[in-house]
Amino acid sequence: MAYASGRTFYDADSHIMELPDFLRRHADPGLRDRLPLVDVGAGGRSSFGVEEAQASRAHSPARVAEMVELGDALIAGPKGYHALGAFDPTERSQALDQLGFDRQLVFTTFAAPMAFSVIADGGLRYQAARAHNRAMAEFCADDQRLLGVAALPLDDPEMAVAEAEHAISLGLAAAWVPHAPCGGRSPGHDDLDRLWATLAAAGMPFVLHVGGRPLQIHPDWMNTGRPVPSDWLGGGENVRSKDMTSLHHPVETFLGVLILDGVLERHPALRGGAIELGAGWVPSFMDRLDWSAEIWRKSEPELEKLTRRPSEQVTAQLAFTPYAYEDVGALVEQSNDEIYLFSSDYPHFEGGRNPLGRFERSLAAHPDGTRDRFYARNFEKLFGAVG
């Protein structure tokens, strides 16, 4: 029996552990030397095993057999580059058989920052995005359960539309956009309206994800006169306790601005998700949006144009993945059961060794319909009919 069984499970967050030449191998031939190797060095124990993976490009048959032998305990097994299906798509299909997820949204781990970097040359950013998206489409091509996520910088509206159309043509399932100002613009700027319309017409949701902007707070906040701790994975660029206090703030700003600027109002078919960014902040976010729209309605003409309360737009068009340690049942009680999504974060360490068990405990007092929405129906709302 698979780890997840007895109902439909759609996993809204998983990853590949890309190899260092991930971008270069999929770039236009004349640009391969300009794209850097993917930097996996700051990943702490998430980076363990990358040299062996780069050399072999697959686990040994004996190692695969060991992981297959784990059966429904695979999710509690090796993580990172050592995990089954971490970087080999054939192995990933076997991993899904053992995990039991009917669909799995797939993000990169290390490659997207090149496309989202504000210091890189703009044209090079979009070339990195193109290479990233080709690579993701290739990884997911042979298993319909794998839904690849494109990287989509927003700082150049025309190039963003072109890359969105390219990602759509590749059959990718979502567009990962950085939760930051868009080349000096609000995401609700008129220049980006064609981009949102393109995604809406194609039924391709935008997604925000941890790593879409720098994870860590300003270094001054870490200056206590004592040694600065490493992140919990032993690297230098992942989340520490102080970073978690405000990790969601840029996400709230991006989504709040998008709503208050009328983007979801103008594009009711547009869908979006905040993935691996927690959800404990969502109920208060919805309340604050409603208060803001009501209080400033008379002085801000844009708010007068809203025909739906912001919280109604959130419920209709957005979704969020709680961390495994968050109390999903309590979040449902504080808001509703139409906006939360199950996720495993496979094969990252952060997903834990039994995320399903944790979620089940937090939802134990809730009706089966709420659990069905959490595990499957809200995912279908975001990504459309899953064939």
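## Pairing around strand β3

Two strands pair if DSSP finds at least two bridges between them. Strands themselves are DSSP runs of E with at least two residues, helices are runs of H or I with at least four residues, and both are numbered from the N terminus. What you're looking at is a predicted model, where local features need pLDDT of at least 70, side-chain atom pairs count only at pLDDT 80 or more, and totals for chains, interfaces and linings use all residues. Residues are numbered from 1 along each chain as its sequence is written, and side-chain values use heavy atoms, with hydrogens and water left out.

Let's start with β3, residues 146-151. Strand β2 (residues 103-107) runs parallel to β3, with 3 bridges between them; here L105 is partnered with L147. Strand β4 (residues 174-176) is also parallel to β3 and joined to it by 3 bridges, and A150 finds its bridge partner in A175.

## How covered is β3?

Of the 6 residues in β3, 6 are buried (under 20% relative accessible area; exposed is over 50%, partly exposed in between, with a 1.4 Å probe and protein chains only). L146, G148 and A150 point one way, while L147, V149 and A151 point the other. In a regular strand, side chains alternate between the two faces of the sheet.

Now for S362, which sits in helix α15 (residues 355-362). S362 counts as buried because its relative accessible area is 15%. Its C-alpha atom is 5.4 Å from that of D327, 35 residues away along the chain.

Over in helix α11 (residues 282-295) you'll find W291. W291 is exposed, since its relative accessibility is 53%.
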